[in-house]
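User: Hi! Could you walk me through this one?
Analyst: Happy to, here it is.

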Amino acid sequence: MIPVPARPLAERSSSAAFARWLEGLPALVEQVRTEWGLRRDGEPVATPGALALPVRDETDVAATLKLAFADDGGAYEHLALRHWAGRGAVTMLRADPHRRALLLERLGEEDLSAAWDIEACRPVGGLFALLHRPAPPQLRALSDVVRGWRDDLASLPRDAGLPRRLVEQALSIAAGLVEDPATDGTLVHTDLHYGTVRTRPDGEHVATDPRPLSGDPHCEPAPMLWHRWREVGDDAGALRWTMRERLDVLAEVGGLDVDRARAWTVLRLVVRARALADAGEREEVTALVRIIKAVAEP
């Protein structure tokens, strides 16, 4: 059995279903590897909720076998990758959606985490134009997701740990987006950031690990703002400049309307802060509130 580094995986969930999946993961790796005629070609790498194993197929082509926990967010990863067919995204060579098993082209190990954050916004923005196309009908509509966000935020008590003004602002944004036809219809990645962009051997940047929806391209910049906030420091002016610059660059390069992108970003940041408040992540929530305030005004 291939040893599975369980600790990063276990950061994803503490549910009984996840524990059962994790327990059976070594056997599942061997089962899929044998069925698909793959041989191990390196050490497995674990991330929260997924395992990636370098392999070679029967023709000696280098690839990566990915096995992921069957949560809702990535349930249609295979569908999005098939739709993109390697254009702006990692190429999928084979898939077993029932077991959440994917055979992917082998990419380089580096992501955008080491790049200056504003510089990293340019390749991410460039991917928007490649990835955004009419959505397959099987995908969940983003308007349904927003409807759930709206109802959840509306039920929050005033002592929920978030400034009420920001909650009300997010509710107002959500109310408009739920009724907006442009909220649905485009294939969106929804989790494109410094860690989910990798490179091919020729240096081309491609997206990985989509959590696809039928949505609005303007929802995409938000993860680029809630990652890598620590390196900005505590200076309010620096935070405001950095976050607004990130959003402006992403919108400019990605061909997005910056005001609509700003509205989506505020909504998604508030929703994320609400979830982290429930988890007791006070430092993260404080940082997100500062980021929201930095970008909320045009």
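**Helix packing, strands and loops**

Analyst: Let's start with a helix pair: Leu-166, Gln-169, Ala-170, Ile-173, Ala-174 and Leu-177 in α6 meet Arg-260, Ala-263, Trp-264, Val-266, Leu-267 and Val-270 in α9. Contact means heavy atoms within 4.5 Å. By class, the residues of this α6 and α9 contact are ten nonpolar, one polar and one charged. Nonpolar covers Ala, Val, Leu, Ile, Met, Phe, Trp, Tyr, Cys and Pro, charged covers Asp, Glu, Lys and Arg, and the others, Gly among them, are polar.

User: Before we go on, what sort of model is this?
Analyst: A predicted model: local features need pLDDT of at least 70 and side-chain atom pairs count only at pLDDT 80 or more, while totals for chains, interfaces and linings use all residues. Residues are numbered from 1 along each chain as its sequence is written, and side-chain values use heavy atoms, with hydrogens and water left out.

User: Thanks! At what angle do the axes of α6 and α9 cross?
Analyst: Roughly 125°, and the axes of α6 (residues 164–178) and α9 (residues 258–278) come within 9 Å. Axes are lines fitted to C-alpha atoms, for helices over the stretch in contact, with angles from 0 to 180 degrees between N-to-C directions. The two helices are therefore oblique to each other, as angles under 35 degrees count as roughly parallel, over 145 as roughly antiparallel, 65 to 115 as roughly perpendicular and the rest as oblique. Helices (H or I, at least four residues) and strands (E, at least two) are DSSP runs, numbered from the N terminus.

User: What does His-78 touch?
Analyst: Leaving aside neighbours within four places in sequence, His-78 contacts Met-92, Ala-95, Pro-97 and Leu-102. His-78 lies in α3 (residues 77–84) and is buried at 13% relative accessible area.

User: Nice. Last one: is Ala-85 buried or exposed?
Analyst: Exposed, with a relative accessible area of 62%. Ala-85 sits in the loop between α3 and β5, and has a positive phi near 50°.

Note on methods:
Buried means under 20% relative accessible area, exposed over 50%, partly exposed in between (1.4 Å probe, protein chains only).
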